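Please open the model in a viewer and keep the selection panel at hand.

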Amino acid sequence: MTIDLNPLSEAVIKGNIQAATQETQKALDGGGDPQTILDQGLIAAMDIVGQRFAAGAMFVPQMLRSAKTMQACVALLKPAFQAGTVSSKGTVVMGTVKADLHDIGKNLVAMMLEGAGFTIIDMGVDVLPEAFVQTVSEKSPEILGMSALLSTTMPAMKATIDALKDAGLRDKVKVMIGGAPVTAKFAGEIGADRYAPDAGSAVAAAKELLQTS
Amino acid sequence: MDNLPIPTFQPRLKVLEHRQALAIHTAALEILEKTGIKMENDRARKLLVDAGAKPFDTDWLRIPAFLAEEALGSAPRQILLYDQNGDKAMALRDDHFFFGTGSDTTFTLDLESGQRRGCVLNDTGRFARLVDALPRFSFAMSMSNPQDIPKIEFIYVYTFAEMLRNTNKPIVFIADRLEDMQHIHDLACMVAGGDAALRQKPFILNYSEAISPLRFPAHVVDRLMFCAEKEIPICLPSGSNAGGGAPITLAGALALGIAENLAGLIIHQLTRRGAPFLFGPNVSVLDMKSTVVSYGCPEWSLTQAALADMRDEIYGLPIWSFGGATDAKVVDAQAGAEAMFSIVTAMLSRCNLIHDVGYLEYGSTSSLEMVTLADELIAMARHFTKGIPVNRETLALDALDRVKSAGTRGIFLTDDHTFEHFEEALFLPELLDRSRYDAWMAEGGQDLYRRSNAKARSLLETHRLEPEMDAGLNDEIEALLQRI
């Protein structure tokens with residue numbers, strides 16, 4: 001049986017939570033495969049959202065509303081999946097580094113990545129290098145994302161990368177960094193894998209790092 | 001008996017009715033009383049609780065409105081900043097406005113290559129020296145976040161020392177925590193001649209930030225209380241930017257920013273009543289495409305004009321504000337348009353301490369050319385703001401009679417009245433070009449960016465401080481930098 005997922009995609013793109021959750025429920029009730037609903041209804045919609053945003057045809061609040069809409073739909077899908085069968089693009093551990101308490105940028109990146117199909121473990125702000133290392137060790141994420149707003153806290157990014165090296169984990173995880181004073185040059189100097197200047201490009205960078213689409 | 005002179009109306013922009021101002025103020029007090037603040041500094045929390053604030057959850061406090069009213073009552077209505085020679089430089093109060101540069105930019109436009117590159121300490125010095133040379137700039141900030149600091153944790157001590165060496169004007173400085181703040185205070189005392197002299201004639205003002213919404217980190221409040229104790233003037237704007245740390249609607253963003261500012265003021269005045277506090281949040285907007293905090297938007301100009309109205313209607317304290325900045329990446333038409341918009345509106349609404357002049361790229365890049373041309377934009381705006389003096393001399397009926405009597409050859413250009421008055425009657429541009437086309441081409445056909453570049457280079461080559469720093473003081477400063 002073919003289920004028309006276009007209305008679901010449209011609702012996600014418009015950020016209409018009520019319509020999108022209704023469509024998701026309808027698709028499930030009609031015997032739709034949860035993975036198909038996720039891939040072709042939700043993630044496909046978010047890809048279009050991403051493209052429209054990149055083209056300047058959508059604004060950040062609209063994109064975030066779409067992400068929120070998608071999350072509400074994913075919550076409906078979850079019980080329908082066998083445990084562990086939901087496909088994720090990858091897991092990203094994120095946090096603002098030691099002694100830095102700013103999190104608006106980091107939160108935006110986390111929401112955008114989630115919308116793109118990544119699983120996010122958000123460690124919050126003022127995260128010590130050893131805490132990052134412990135979480136990387138326990139959760140084996142594909143990517144570690146670090147944020148800093150202050151030039152005085154940027155060195156904590158290097159300290160975290162060094163701590164990953166000391167723990168023998170540096171090769172197990174890709175490291176992405178961002179934040180107002182951070183530059184691509186700095187990322188190169190401290191041995192991070194990628195620098196992303198904003199939330200939109202963070203998604204593209206994460207996909208590129210994991211060679212996924 | 002002569003009649004009284006006719007007063008000159010000086011154009012003044014107002015954006016709030018009294019009831020709007022009161023409603024925003026009331027909302028700010030309601031935020032303090034009902035929502036509360038997250039105070040992560042133990043000493044300040046105790047001060048507030050002892051004064052009547054009610055603790056709840058972890059670190060949260062509800063603050064009664066009377067504490068805000070008391071703090072507004074005890075904070076001085078004028079902040080007098082001196083220059084480093086001990087002369088009065090900036091009386092921050094009611095309708096006085098002063099322009100200056102901004103702080104931590106990651107990049108600067110290289111004066112020689114025109115390329116955007118990472119800042120170095122020498123840039124801090126060059127910006128300070130340029131500020132010293134430009135007559136419409138009243139104070140210096142670092143304009144850079146240098147990459148070549150030997151000890152990054154003392155970056156603000158190094159930039160402060162570099163500013164001391166390159167300007168005698170007042171300095172608005174940043175510190176990270178109590179430790180570097182103390183070193184900076186030591187440096188300032190060396191210049192002023194000790195702690196008592198610095199209290200008597202402060203030439204520094206600290207810029208610190210709480211975090212919107214409603215968060216007061218321990219080290220930020222340490223700095224706030226240190227400044228209160230030492231009577232170093234301070235401002236504590238939070239980044240209550242619409243759509244980011246604060247609601248997207250400007251009234252809500254203002255109310256939140258003001259609530260946070262009042263909380264800071266309360267702690268400050270409880271620490272030391274009468275210590276100088278420069279009022280005002282930063283309320284810009286997050287751009288809805290890039291999420292950068294915009295420095296070229298009309299909204300920031302609107303919120304600080306509102307704050308100036310609220311100063312006049314309610315608070316009475318001098319305010320912190322911005323102007324002369326842009327989101328453009330280069331010194332182009334956008335840069336000129338945005339910079340001029342905020343300079344004119346800041347002046348017309350009588351903002352007091354107006355910083356960030358010369359910022360490009362939403363505050364990520366600084367430009368010596370931008371600072372140089374802004375000096376002229378400020379002069380242009382100031383000429384407008386002076387208004388039109390009306391008296392017998394300016395009405396010039398006598399001059400008209402003379403020109404009329406000269407018959408067909410009569411023209412005001414040749415009349416003595418023109419010779420006697422043109423310098424104060426007109427704005428005489430220096431960088432803004434009004435030359436005839438052929439003359440402009442003969443001078444190389446340069447645009448404003450190139451002309452500003454040439455002027456900045458020339459000033460940096462020729463300008464000398466009055467006086468340059470003496471060798472003994474320079475050694476003392478160097479010794480402190482070596483010690484930390």
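Begin with chain B, which is divided into domain 1 (72-385) and domain 2 (392-425); such bounds come from an automatic or database domain assignment. Taken over C-alpha atoms, the centres of domain 1 of chain B and domain 2 of chain B are separated by 45 Å.

The model is predicted: local features need pLDDT of at least 70, side-chain atom pairs count only at pLDDT 80 or more, and totals for chains, interfaces and linings use all residues. Residues are numbered from 1 along each chain as its sequence is written, while chains are lettered from A and ligands numbered from 1 in the order in which they are written.

**Chain B as a whole**

Display chain B as a cartoon. Its secondary structure comes to 18 helices and 18 strands, where helices (H or I, at least four residues) and strands (E, at least two) are DSSP runs numbered from the N terminus. Along the principal axes, the C-alpha trace of chain B spans about 85 × 55 × 50 Å. The radius of gyration of chain B is 24 Å, which agrees with the value near 23 Å that a compact globule of 484 residues would have. This radius is taken over C-alpha atoms, and the globule rule is 2.2 Å times the number of residues to the power 0.38.

Two packed helices are described by the angle between their axes and the distance between the axes. Select helix α9 (residues 250-271) of chain B together with helix α10 (residues 298-315) of chain B: they pack at an angle of about 55°, with their axes 11 Å apart. The arrangement of α9(B) and α10(B) is therefore oblique. Axes here are lines fitted to C-alpha atoms, for helices over the stretch in contact, and angles run from 0 to 180 degrees between N-to-C directions. Angles under 35 degrees count as roughly parallel, over 145 as roughly antiparallel, 65 to 115 as roughly perpendicular and the rest as oblique.

Now show side chains at this crossing. From α9(B), B:L250, B:A253 and B:L254 meet B:E299, B:L302, B:T303 and B:A306 of α10(B). Residues are in contact if their C-beta atoms, placed from the backbone, lie within 7 Å. By class, the contact of α9(B) with α10(B) holds five nonpolar residues, one polar and one charged. Ala, Val, Leu, Ile, Met, Phe, Trp, Tyr, Cys and Pro count as nonpolar, Asp, Glu, Lys and Arg as charged, and the others, Gly among them, as polar.

The axes of α10(B) and α11(B) come within 10 Å and cross at roughly 10°, so the two helices are roughly parallel to each other. Here B:P298, B:S301, B:Q304 and B:A305 of α10(B) meet B:F341, B:S342, B:T345 and B:A346 of α11(B). This contact of α10(B) with α11(B) divides into four nonpolar, four polar and no charged residues.

**Loops of chain B**

Most residues other than glycine have a negative phi, and most peptide bonds are trans. Select B:T291, in the loop between β14 (277-278) and α10 of chain B. B:T291 is not a glycine, yet has a positive phi of about 65°.

Next, go to B:P213, in the loop between β11 (204-207) and β12 (215-216) of chain B. The peptide bond joining B:S212 and B:P213 is cis, with omega about -5°. Then centre on B:P467, in the loop between α17 (448-462) and α18 (471-483) of chain B. The bond from B:E466 to B:P467 is also cis, with omega near -10°.

**Chain A and its partner**

Switch to chain A, which has nine helices and five strands. The radius of gyration of chain A is 18 Å, close to the 17 Å given by the globule rule for 213 residues, so chain A is as compact as a globular protein of that length. Colour domain 1 (6-80) and domain 2 (91-209) of chain A separately. Their C-alpha centres lie 27 Å apart, and the contact takes 10 residues from domain 1 of chain A and eight residues from domain 2 of chain A. On the domain 1 side, α3 (34-54) and α4 (60-77) of chain A each supply at least two residues.

Finally, show both chains. Which residues make the interface? In all, 16 residues of chain A are in contact with 16 residues of chain B. On the chain A side, α4 and α5 (104-115) each supply at least two residues, and the classes are 10 nonpolar, five polar and one charged.

Note on methods: Contact = placed C-beta atoms within 7 Å.
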